[in-house]
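The sequence and structure come first, and the description follows.

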Amino acid sequence: MVDVLRDAMAQGGNLTIEDILVRIAVAALLSSVIYVSYWYTHTSTSYSGKFNVSLVTITILTCTVMTVIGNNIALSLGMAGALSIVRFRTAIKDSRDTAYIFWSVIVGLCAGVADFWTAIIGSGVVFVVLLLLGKVRNENRMLIIIRAVRSLESDIEGLVFKHFNMKSQLRVKNTTPETVEFIYELDRATYNLTYKSEKNITQLLYEKNGVEYVNVVTQNDEISG
């Protein structure tokens, strides 16, 4: 039993330079597919260039690690122990990015053990699926906060309702005997479309005497790190 374990631990380290270069080259090539896919499916503020570059790096590094480990039990145990002390504190801002991290790791694992066809076919299928699903829409929402005198309550509701073509939603309305405060929610596309009109919502509101302030806030579901 001891001899078998010793022989297993002695395995590995017999790859040629050509073998190593081929594996890393395949990982780099497939990581470019991941890069293009992430760039295409993320638009506007949902796209992170730094994260996209990190996906390429993760793929190549994973391949390198798997090439080093091979079927060497001693190295695999040592690597597992070394990685167990690493703590990643960076929060993933978009849950969809987790899929890209898994994609990068899996491609790196397949390339590292020279299972190229699995990596190529799997990446091809994932790429086509994401291509068919189309670009990821920006889920940011716009909040418009308006505070004015109470006598303008009906006028402001009618103005906002008309300006955004009935696409704005009144989420909150706070009132006192003298003042009223509205919080409207609408998607960014609707806001950007109307912002290009001759007069935007801010200008129209301030033309009414008695509007104290108009705040425009971008709201999203991302986790800040």
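## Helix packing around α5

Helix α3 passes helix α5 in a right-handed crossing. The model is a predicted one. Helix α3 covers residues 49-69 and helix α5 covers residues 96-112; their axes lie 7 Å apart at an angle of about 30 degrees. Since angles under 35 degrees count as roughly parallel, α3 and α5 are roughly parallel to each other.

On the α3 side, the contact is made by Phe51, Leu55, Ile58, Thr59, Thr62, Cys63, Met66 and Thr67. These meet a set of α5 residues that includes Asp97, Tyr100, Ile101, Ser104 and Val105, and continues with Val107, Gly108, Leu109, Ala111 and Gly112. By class, the contact of α3 with α5 has eleven nonpolar residues, six polar and one charged.

Helix α5 also packs with helix α6, and here the axes come within 8 Å and cross at roughly 160 degrees. Angles over 145 degrees count as roughly antiparallel, so α5 and α6 are roughly antiparallel to each other. The crossing of α5 with α6 is left-handed. From α5, the residues involved are Tyr100, Trp103, Val107, Cys110 and Ala111. Their partners in α6 are Phe116, Thr118, Ala119, Ser123, Val126, Phe127 and Leu130. Ten residues of the contact between α5 and α6 are nonpolar and two are polar, with no charged residues.

Alanine 114 sits in the loop between α5 and α6. Its phi is positive, about 65 degrees, although the residue is not a glycine.

Phenylalanine 116 belongs to helix α6, which spans residues 116-133. Arginine 23 is 93 residues away from phenylalanine 116 along the chain, yet their C-alpha atoms are separated by 8.2 Å.

## Accessibility of selected residues

Which of these residues are buried, and which are partly exposed? The table gives the relative accessible area of each.

| Residue | Relative accessible area | Class |
|---|---|---|
| Cysteine 63 | 0% | buried |
| Cysteine 110 | 13% | buried |
| Alanine 114 | 31% | partly exposed |
| Phenylalanine 116 | 22% | partly exposed |
| Glutamate 157 | 26% | partly exposed |
| Serine 168 | 12% | buried |

Phenylalanine 116, at 22%, is partly exposed because buried requires a value under 20%. Cysteine 110, at 13%, is buried.

How many disulfides does the structure hold? The number is zero. Cysteine 63 is among the α3 residues that meet α5, and Cys110 is among the α5 residues that meet α6.

Glutamate 157 lies in helix α7. Its contacts, leaving aside neighbours within four places in sequence, are Leu170, Lys173, Phe182 and Tyr184. Leucine 170 is 13 residues from glutamate 157 along the chain, and their C-alpha atoms are separated by 8.8 Å.

Serine 168 is placed in the loop between α7 (153-163) and β2 (169-175). Not counting residues up to four places away in sequence, serine 168 touches Val160, Tyr184, Glu185 and Leu186.

Notes
Residues numbered from 1 in each chain as written. Predicted model: local features only at pLDDT ≥ 70, side-chain atom pairs only at ≥ 80, totals over all residues. Heavy atoms only, no water. Helix = DSSP H or I, 4+ residues; strand = E, 2+ residues; numbered from the N terminus. Buried < 20%, exposed > 50% of the residue type's maximum accessible area, 1.4 Å probe, protein only. Axes fitted to C-alpha atoms, helices over the stretch in contact; angles between N-to-C directions. Parallel < 35°, antiparallel > 145°, perpendicular 65-115°, else oblique. Left-handed = near helix turned anticlockwise from the far one by under 90°. Contact = heavy atoms within 4.5 Å. Nonpolar A, V, L, I, M, F, W, Y, C, P; charged D, E, K, R; others polar. Disulfide = S-S within 2.5 Å.
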